[in-house]
Amino acid sequence: MNQYSYEGPVMEFDRCVMEKWRGTTIAVSEKKAKNNLAYQYKKSHNRSANARVTLPGKLILEGYYGH
């Protein structure tokens, strides 16, 4: 598994709702990491699970955790 970090804008239904947000997660792929981070944002900002939150910036691979 890899640790990813994100620092950048957050889009909700194609509208920028936050200029700069930061989060980290551990995931098996970059796609899964973006999903995890979007979920983290929704939970921490009281958004509905149905809200379409996207993170248009780049993920940074911080490290590898595994055997």
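This is a predicted model: local features need pLDDT of at least 70, side-chain atom pairs count only at pLDDT 80 or more; totals for chains, interfaces and linings use all residues.

Let's begin with the aromatic rings. How many aromatic pairs does a search of the whole structure find? The search turns up 2 of them. In one, the ring centres of Tyr-6 and Trp-21 are 6.4 Å apart and the planes meet at 40°, so this pair is tilted. Tyr-6 belongs to strand 1 (residues 2-12) and Trp-21 to strand 2 (residues 15-27), so the pair ties together parts that are 15 residues apart in sequence. Are these two residues buried or exposed? Both Tyr-6 and Trp-21 are buried.

Trp-21 also pairs with Tyr-41, and here the arrangement is edge-to-face, with 5.6 Å from centre to centre and 90° between the planes. This pair links distant parts of the chain, since Trp-21 sits in strand 2 and Tyr-41 in helix 1 (residues 30-44), 20 residues apart. Why does Tyr-41 count as buried? Its relative accessible area is 1%, and anything under 20% is called buried. Trp-21, at 9%, counts as buried too.

Now for the nonpolar core. The largest one has 13 residues, and those touching the most other members are Tyr-6, Val-10, Trp-21, Leu-37, Val-53, Leu-55 and Leu-59. Strand 1, strand 2 and helix 1 each supply at least two residues of this core, and helix 1 gives the most, with 4 residues.

Zoom in on Leu-55, which you'll find in the loop between strand 3 (53-54) and strand 4. Leu-55 is buried, with a relative accessible area of 6%. Leaving aside residues up to four places away in sequence, Leu-55 touches Tyr-6, Pro-9, Val-10, Trp-21, Lys-34, Leu-37 and Ala-38. Leu-59, counted in the same way, has contacts that include Tyr-4, Tyr-6, Ala-33 and Leu-37.

Next come the charged side chains. The whole structure holds 4 salt bridges. Glu-7 meets Lys-20 in one of them, at 3.1 Å from N to O. Glu-7 is in strand 1 and Lys-20 in strand 2, so this bridge ties together parts that are 13 residues apart in sequence. Glu-7 also meets Arg-22, at 2.8 Å from N to O. Glu-7 is partly exposed at 36% relative accessibility, while Lys-20 at 60% and Arg-22 at 61% both count as exposed. Shared partners join Glu-7, Lys-20 and Arg-22 into one network.

Arg-47 and Glu-12 form another salt bridge, at 2.8 Å from N to O. Arg-47 lies in the loop between helix 1 and strand 3, and Glu-12 in strand 1, so the pair ties together parts that are 35 residues apart in sequence. Arg-47 is partly exposed at 30%, whereas Glu-12 is buried at 11%.

Finally, the surface. Met-1, Ile-26, Val-28 and Tyr-65 form a nonpolar patch there, with about 420 Å² of accessible area together. Tyr-65 is in the segment after strand 4 (59-64), and at 46% relative accessibility Tyr-65 counts as partly exposed.

Methods: Residues are numbered from 1 along each chain as its sequence is written. Side-chain values use heavy atoms; hydrogens and water are left out. Rings of Phe, Tyr and Trp (its six-membered ring) pair if their centres lie within 6.5 Å; planes under 30 degrees apart count as stacked, over 60 as edge-to-face and the rest as tilted. Buried means under 20% relative accessible area, exposed over 50%, partly exposed in between (1.4 Å probe, protein chains only). Patches are made of residues with over 30% relative accessible area and no salt bridge: like charges are joined within 9 Å, nonpolar side chains (Val, Leu, Ile, Met, Phe, Trp, Tyr) within 5 Å. Accessible areas come from the Shrake-Rupley method with a 1.4 Å probe; for residues, only the protein chains shown count as cover. A nonpolar core is a set of buried Ala, Val, Leu, Ile, Met, Phe, Trp, Tyr and Cys residues joined through side-chain atoms within 4.5 Å. Contact means heavy atoms within 4.5 Å.
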